[in-house]
Amino acid sequence: MTRAHSGRRVLAVTIAMLALLVAMAAFQVLNHVSALRKNRAMVDHSHAVIEATQALFSLVQDAETGQRGYQLSTEIAGVGPEPSPEYLRPYTEAVRQAPAATARLRELAAKDSPEQQARIEAWTATLNDRLNLIGQRVELIRQGRAKENLQYAPKRGLAGMALARRQMAEIVAAEKALLDLRVEKAERTERLNFVGAVIVRVLAIIALLVAVFSLYRSNRRLSDEIRDREAAETARLETDALYRAVFEHSADYIFVINVSRDGVFSIAEMNPSAEDAVRADSDAVRGVDLYKLLPKADADLLTAYYRRVVAERRPLSSKDKMRWRGGRQVWESVLVPVFGEDGRVERIVGSSRDVTERERAEAAARRSQRMEAVGHLTGGVAHDFNNLLQVIRGNLELISPLIAADPQAAVRVQSALHGADRAAQLTRQLLAFARRQPLEPRVVDLGRLVGDMADMLRRTLGEAVVVKTAIAEARGRTLADPAQVESAVLNLALNARDAMPGGGQLVIEIADRTLDAGVTSSGEEIAAGPYVMLAVSDTGHGMSRETLEQVFEPFFTTKGEEKGTGLGLSMVYGFVKQSNGHIQIYSEPGKGTTVKIYLPRTDRPEEVAPPPPPGLGVRGRSAVVLVVEDDPLVQAATVGMLRTLGYDCLHADDGRAALEVLDSGAKVDLLFTDVVMPGPVKSPELAREAQRRRPGLPVLFTSGYAENAILHQGRLEEGAQLLSKPFSRDELARKISTALAVVRPIVLVVEDDALVRLSALDMIRQIGCTPVGAADAEEALKVLKGDGRIDVLFTDIGLPGVRGPELAEQALRLRPGLKVVFASGYGEAPDETRGRTGSSYLAKPYEQDELAQVLVG
């Protein structure tokens with residue numbers, strides 16, 4: 001009761017102090033407002049006095065101005081009519097208003113000091129004398145006594161005005177001084193009031209703080225008692241709420257295991273995620289032994305972990321593979337012991353998480369890293385290794401005709417050539433797995449390609465294997481390297497044959513599929529979109545899950561030693577990935593295997609491979625090949641093979657030397673250059689410069705490992721031709737003949753805008769033509785008058801100087817039959833370009849496909 005009474009008293013004191021503070025604040029505000037009003041009134045009064053003073057003085061000046069005007073008008077009039085009274089209007093108005101202005105000034109001065117009032121009285125008397133003097137002058141002028149007016153006390157008039165001005169200045173200065181004194185007094189009073197209010201407020205605040213402190217002390221013990229009673233309950237509720245929130249909503253499988261004194265483990269509770277996983281309610285399995293819920297192998301595994309937790313009396317983490325819902329999945333678990341009052345482990349709280357997908361992703365990442373490592377290793381070795389193989393193979397082929405008379409030596413040479421071919425194939429397989437093989441993709445119909453392979457597959461696989469094809473009628477096309485597709489199908493078919501030693505059935509299916517974005521069983525992402533599926537299925541013995549996990553690893557094989565390199569499926573995998581596709585494999589022991597390859601579908605028309613040029617291998621005649629190779633042994637072997645084929649050869653050690661040969665004017669029909677070149681002039685730059693100097697010059701690249709010099713994501717640049725090392729004399733003959741047989745149209749591009757011209761040159765080069773650039777008609781005519789071949793004139797219409805149509809007329813006179821293509825950014829074709837035979841029109845901006853259509857059809 002005493003504590004309550006003390007609390008009420010402290011509360012009353014607090015309220016009183018607050019009321020005092022409010023009252024003081026109100027008093028200060030009112031006092032401040034009153035002081036502001038007084039200050040404003042004083043300022044207004046002083047300004048009024050000054051304005052009234054200036055107004056009265058202005059009236060006197062107006063009177064004097066009127067008098068002078070009247071006097072001047074009289075002098076000008078001379079003998080004649082009397083001047084108009086209008087000249088006296090300022091004087092008349094001043095005399096009329098002066099009494100009221102004087103009275104107003106005296107009324108205002110009544111509120112000022114006596115000294116100021118005396119100054120104003122003296123000043124008004126001076127002004128009245130001045131007005132009287134002005135009036136006397138006016139009267140003399142009216143009476144025609146103007147000369148007397150000029151002699152009438154002139155000094156008195158000047159002195160009077162000077163005195164009036166001086167007195168007015170004193171009045172104004174005195175009024176301003178009075179204003180400053182009044183303001184200073186008001187500010188001093190306000191400061192005193194403010195200081196007093198602050199002192200009172202400080203005292204009130206101190207009193208309020210004392211009261212609040214007293215109230216706090218009186219209530220603290222009560223709060224402590226309440227808090228102590230509620231603390232335990234709040235902590236219990238918070239802990240329970242947090243536990244229930246995690247328990248009820250966690251995606252992990254959380255469970256509680258009871259541990260009996262005799263070491264039996266049973267389910268105590270499961271969260272909803274765990275209930276969904278086991279498809280059982282906690283109430284239904286509560287108290288049930290683990291061996292009654294799980295297979296014995298899984299129950300033995302879990303029980304062993306629980307016994308370790310009980311024995312070691314500390315949390316335990318584990319990761320295991322367990323069979324779950326028809327498959328084996330990877331689980332991460334954490335087990336935490338819960339101790340009773342007697343220190344015994346009474347319960348185990350566990351949390352398990354399915355990390356199968358994460359493990360697959362990590363395995364895919366490790367596989368990708370291994371593939372990258374193999375790629376780097378292969379790339380580093382492939383170039384030098386293939387160069388060595390080229391030296392070996394080239395010299396063996398050069399020796400072969402020389403020892404034809406010795407059968408035993410000829411057999412040994414053929415064995416050596418076969419060994420070199422196997423070594424080269426091994427390198428190609430490694431490059432294919434590492435996605436670094438050079439691809440030459442074109443639009444192909446997989447159904448047609450597989451159909452053409454069917455008979456060859458039946459002969460290769462033997463009569464024990466029945467080959468069937470299921471090719472959908474409505475199927476799309478894909479962009480892929482046909483040779484690599486054939487190699488992949490053959491690899492898969494041979495693997496299927498080996499999996500069916502007693503014979504069986506091989507089915508090859510081609511169909512369109514549309515895939516959704518997702519992840520493969522191996523953890524690799526699938527891009528959504530349309531695909532062409534190539535599936536190869538067999539009825540062989542199948543593979544286990546452990547084998548499937550390693551099936552794409554390089555050098556992994558189930559065929560035993562000396563029965564396989566382990567690179568077949570790795571090469572297929574690398575080719576598919578390099579072609580932006582996906583590969584999936586399905587297999588079970590005793591149920592056969594299905595490998596599905598998905599390659600991106602395209603709407604482009606199928607590209608039919610051109611027929612081989614006639615006379616392959618014998619077209620040497622007068623053709624001259626410039627061989628650019630930095631390795632002297634490879635260079636010598638290549639030159640020797642070309643000369644045995646009937647070609648004349650020039651050779652250079654690097655790009656700069658090759659350009660010097662071209663600049664010398666020597667005849668060159670084909671440039672045959674290694675891709676990896678030392679020195680400042682790299683092979684792509686060499687090819688561009690060579691075709692700039694010799695428009696239409698065919699270029700054939702060769703390399704043991706091209707990497708990115710002429711490849712984009714493993715694919716050859718448009719129009720580029722590549723002969724991979726090591727190559728045989730027949731392969732060299734076919735590639736050289738094909739390159740010489742391909743006639744690349746030469747297009748003269750005439751465009752004054754440098755950026756547009758460079759873009760057009762690049763696009764023309766990409767579509768397989770040879771571009772020649774010119775900035776205006778003058779440059780173009782110089783080219784047309786030369787000896788170089790030009791097949792197409794591609795000109796802008798709005799050229800400076802000679803316009804495009806005029807240039808076309810001159811070009812056709814120089815070269816009748818020249819194809820002309822006009823380009824312009826003005827939309828429709830102008831009238832001046834219509835009706836021209838052999839010409840066409842292309843509106844800017846244009847796409848590469850549109851440009852290709854008008855240039856090469």
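1. Axes here are lines fitted to C-alpha atoms, for helices over the stretch in contact, and angles run from 0 to 180 degrees between N-to-C directions. The model is predicted. On that basis, helix α20 (residues 777-784) and helix α21 (residues 804-814) have axes that come within 10 Å. The crossing angle is roughly 10°. Angles under 35 degrees count as roughly parallel, so α20 is roughly parallel to α21.

2. Next, the residues behind that pairing. From α20, the contact takes A777, A780, L781 and L784. From α21, it takes L807, Q810, A811 and L814. By class, the residues of this contact are 7 nonpolar and 1 polar. No charged residue takes part in the contact of α20 with α21.

3. T638 sits in helix α15 (residues 632-644). Is T638 buried or exposed? Its relative accessibility is 3%, so T638 counts as buried. The cut-off for buried is under 20%. Leaving aside residues up to four places away in sequence, T638 touches V627, F672 and F727.

4. Salt bridges number 23 across the whole structure. One of them joins the side chains of R314 and E312, at 2.7 Å from N to O. R314 is partly exposed, with a relative accessible area of 41%. E312 is also partly exposed, at 34% relative accessibility.

5. A salt bridge within a helix pairs R765 with D762. Their closest N and O atoms are 3.0 Å apart. Both residues lie in α19 (residues 754-766). They are 3 residues apart, about one turn of the helix. R765 counts as partly exposed at 26% relative accessibility. D762 counts as partly exposed too, at 44%.

6. Which residue forms a salt bridge with D796? The partner is K844, with the closest N and O atoms 3.2 Å apart. This pair links distant parts of the chain, 48 residues apart. D796 belongs to strand β24 (residues 792-796). K844 belongs to the loop between β26 (839-843) and α22 (848-856). D796 is buried, with a relative accessible area of 8%, whereas K844 counts as partly exposed at 24% relative accessibility.

7. One network also deserves a look. D663, E689, R692 and R693 are joined by salt bridges that share partners.

Definitions and conventions: Residues are numbered from 1 along each chain as its sequence is written. This is a predicted model: local features need pLDDT of at least 70, side-chain atom pairs count only at pLDDT 80 or more; totals for chains, interfaces and linings use all residues. Side-chain values use heavy atoms; hydrogens and water are left out. Helices (H or I, at least four residues) and strands (E, at least two) are DSSP runs, numbered from the N terminus. Angles under 35 degrees count as roughly parallel, over 145 as roughly antiparallel, 65 to 115 as roughly perpendicular and the rest as oblique. Contact means heavy atoms within 4.5 Å. Ala, Val, Leu, Ile, Met, Phe, Trp, Tyr, Cys and Pro count as nonpolar, Asp, Glu, Lys and Arg as charged, and the others, Gly among them, as polar. Buried means under 20% relative accessible area, exposed over 50%, partly exposed in between (1.4 Å probe, protein chains only). A salt bridge is a side-chain nitrogen of Lys or Arg within 4 Å of a carboxyl oxygen of Asp or Glu.
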